[in-house]
Amino acid sequence: MTIFIATITMAFLPASTVLALDAVTQVKASNGQIDKLIRTLHQSYDGAENLRERRAAFERLMASTPDPTRVQIRNVNANGVEADLIWPARLHHPIGRRAILYLHGGGYYSGSLRTHRNIAGSLAKAASADVLLVGYRLLPEHPFPAQIDDALAAYRWLLSSEYRPENIVIVGDSVGGTLAIEAALNQLRMNGPLPAAVVAMSPVTDFAGTGASMTTNAENDPFMGKTELEVIRNAYIGGGSPTDPERSPLYADMTGFPPLLLQVGSRETLLDDTRRLEDKARKAGVDVTTEVWPGMIHQWQIFPFWVDDARKSNAKVAAFAIAHFADRPEE
């Protein structure tokens, strides 16, 4: 079935979209890992009914996963936002030349420095860069726009710490990917310095939930569906419009946006959030690349210790960052 999905997906991809791996090879290698991950997710989340219970479930799940190795970690105050500055252990410096600003996923109500330390460490090593992992404020205690305010505060901390914007890449997964896009859009609207590039892994681009894959992939993705999106939307949007471009980047003007890498799994309910954003960005003249990963579910990228394709997708993110840094690491 997954091979069929991958084949059909390929037939309808725009010219700038690529399937990240050969479909048959990828499916044989990863089906068992994804099935095991789905079982683990159900064991962790089943019975968690409200935002705080889901937050605690995510923390427990990720507390059972390994910490990154061969990295240095320093906790910093990034303009009032708690963050971890992570860099490869082989590089003996507190502040380097290249930086990745990492914005974690978790529905805006969960996720932390602990839950995403592994993927952040992986990117630091693979990109030979410093990674600023941001612990932005969460729902329901801190409603919109606290999350975007914290992301921008952290970006400006990097600028004030002598990282040049052309050596900064903003990366995020799930709603962290949404934040990454919104941070760059905010800089555009304010005529502020833009990052060298943006990477959004499985972002929510449309809180109105109008993408066809919200229905067609409803049975394929256990990590994000209509119910989960509605929970996030109700807490995040409140009485606001889900088509407000400051919340849903699908409705924003993308003209002038920096180079953009989008990753999404073929099984995701958010598949069309990525496809439609790609189409809009391309029409606005943005240098956009989209990778559709056969058989992958929402947020597979944050499990590089369990899923081979997570390690491979993280390597592609790092390669994209390296390609867009003004000061590229030495070979």
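What follows looks at a pocket and then at ring contacts.

This is a predicted model, in which local features need pLDDT of at least 70, side-chain atom pairs count only at pLDDT 80 or more, and totals for chains, interfaces and linings use all residues. Residues are numbered from 1 along each chain as its sequence is written, and side-chain values use heavy atoms, with hydrogens and water left out.

The largest pocket has a volume of about 470 Å³. Among its 24 lining residues, Y45, R54, P222, F223 and E228 are the closest to the centre. Here a pocket is an open set of points on a 1 Å grid over the protein atoms alone, where a 1.4 Å probe fits, with protein on both sides within 12 Å along at least five of seven lines; a lining residue has an atom within 4 Å of a point. The volume is the space filled by probe spheres set on the points, which are joined across faces, edges and corners.

Turning to the rings, there are 8 aromatic pairs in the structure. One of them joins F303 and W306, stacked at 5.7 Å centre to centre with 5 degrees between the planes. Rings of Phe, Tyr and Trp (its six-membered ring) pair if their centres lie within 6.5 Å, and planes under 30 degrees apart count as stacked. F303 is buried at 0% relative accessibility, while W306 is partly exposed at 33% (buried is under 20% relative accessible area, exposed over 50%, partly exposed in between, with a 1.4 Å probe and protein chains only).

Elsewhere, Y108, F144, F207 and Y236 are linked into a cluster by ring pairs.

Methods:
Rings of Phe, Tyr and Trp (its six-membered ring) pair if their centres lie within 6.5 Å; planes under 30 degrees apart count as stacked, over 60 as edge-to-face and the rest as tilted.
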